[in-house]
Amino acid sequence: MKKVLVISAAVLMLVSCSKESEVFDSSNIEKNQKELYAQQFVKKYGQVSANKTWDLTDFSASLTRGFEEIVTKKVKGLEFDLSYSVSGGKLQSSFKNDSPNKDLYDAVIKTILPDGKEHQGTPVVLTAPSNSFTIYPVSAQGLWTHDLYVKIGDQEPVKLYSKTWTDYSHGYVNGEGLKGNYTLTGFRITQYVDMPGLYVEAPVGTPIEIYLANIKEGKTSKPSVGTFNGQAIYVDSDVKPEGIDMVEDAIIKYVGIEDQIKTGDNDYNDVVLAIVGNPAVPEEIEVEESEYSVTSSVSKRYMIEDLGSTGDFDFNDIVVDVIEDVTNTFERTVTNGEVTSNELKKTEKNQKAILRHLGGVLPFQLTIGNTTLPERQGVLGQDLEEEFEVTGWDPYTNNVSIKVKQQNSDAVFVIPFPKAGEVPMIIATPETWGWMPEKQSVPSDWFYTDF
């Protein structure tokens, strides 16, 4: 009741100079109340710039569809500090003491993917997460030569390196390359191998293929192999690569590739790569009868002032989360041992709203997209978990509004999501942001520095 008295006094003060016929006109009550709210908002937070917007999500926190376009660039590869010697006519390599990434090599190559330990792969598509990630070659060995490719979406494949040697004795090299002249059973070789990493940004769900092409045994060519035909597997290890930048909570996955189909030893260690996520890594989705589905989501939290008090900026009168899930189903075509198409076959979209909190006492009715939720009475300080199906919500335009019935009058205020430059009564935030306690205004740094 105290809140209502404050409102009434404020409105009467503002309209005391108006004509008597205007005092109880609902449109004038709404106009005056909003003007008073705007004055007090500016007094507390400063003048609002003309281009200031009130969607505070920036989409990196709330939009799991990630980047709008594909970006790839080669980066410095992993380093290994090795010693080389010729023994029995073969080039032998070994790690120096305290060599960078020796623990990684021992944990993955010698423990999880050693020679003679068989694994079983399944045809999959890797799909991009909402964050960036980097693919680093760790090891390349085996008797067959090959090129390592990474294909992101419908872009041209990126070749990370070409393997030209045909023995097992120097199966790992550093990012600087292996150089030198070595005597091997009466003949000499000169070899340079550069194994850079590949930094990737891509929209969520973008298909990623990692594969070996141009595989040859002498002059005999072999089909391409990799993630798309079950010749590659994800494995886990607690050991993280050394000498590279990564976020604190980075997820690391290792990929082992088998370079022979049917006749191989299935130890999946002919090529080994580390995928470093920032923090997430690409998801592995099994392909069934050439089809696979990718789901992406966007969510926002709307914090609303119902204008029940003109000096109250806690933005907790109504707190509602809106979530959209989109599932795209693709059909993948493999031709001559390589993926030649990923065709979108079907799209399904589902939206829902979850009412999280009420902090105001006025009756209200929310409209989200094409859906108007049932009218309900406000409650001071109540946490909720009420879910509603909605349609037509546009996360980019924030087509959310609220009608609020004022006490002691027949006035019904309509509060839409604010345009740029307007004083806000609704703000959009990531759903990880908590709402303010009663009567505690949101901090100025929520609104950044462009006032």
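Q: Is Asn-101 buried or exposed?
A: Buried: in this predicted model, Asn-101 has a relative accessible area of 1%. The cut-off for buried is under 20%.

Q: Where does Asn-101 lie?
A: In the loop between β3 (90-95) and α4 (102-112).

Q: And what about the phi of Asn-101?
A: Phi is positive, about 70°, although Asn-101 is not a glycine.

Q: OK, Phe-315 next. What is its phi near?
A: Near 50°, again a positive value in a residue other than glycine.

Q: Where is Phe-315 found, and is Phe-315 buried or exposed?
A: Phe-315 sits in the loop between β18 (291-304) and β19 (318-335). Phe-315 is buried, with a relative accessible area of 0%.

Q: Switching to omega. Is the peptide bond from Asn-278 to Pro-279 cis or trans?
A: Cis, with omega near 5°. Pro-279 belongs to the loop between β16 (271-277) and β17 (283-286).

Q: Now the sheet with β21. What is the strand order?
A: β22-β21-β24-β25, four strands in an open sheet with antiparallel pairing.

Q: Which strands stand at the edges?
A: β22 (371-372) and β25 (412-416). Each has a single partner strand, so one side of each has no neighbour in the sheet.

Q: How many bridges join β21 to β22?
A: Two; β21 covers residues 364-368 and runs antiparallel to β22.

Q: Which residue is the bridge partner of Thr-367 in β22?
A: Thr-372.

Q: And what do strands of a sheet pair through, in general?
A: Backbone hydrogen bonds, in either a parallel or an antiparallel arrangement.

Note on methods
Residues numbered from 1 in each chain as written. Predicted model: local features only at pLDDT ≥ 70, side-chain atom pairs only at ≥ 80, totals over all residues. Heavy atoms only, no water. Pairing = 2+ DSSP bridges. Buried < 20%, exposed > 50% of the residue type's maximum accessible area, 1.4 Å probe, protein only.
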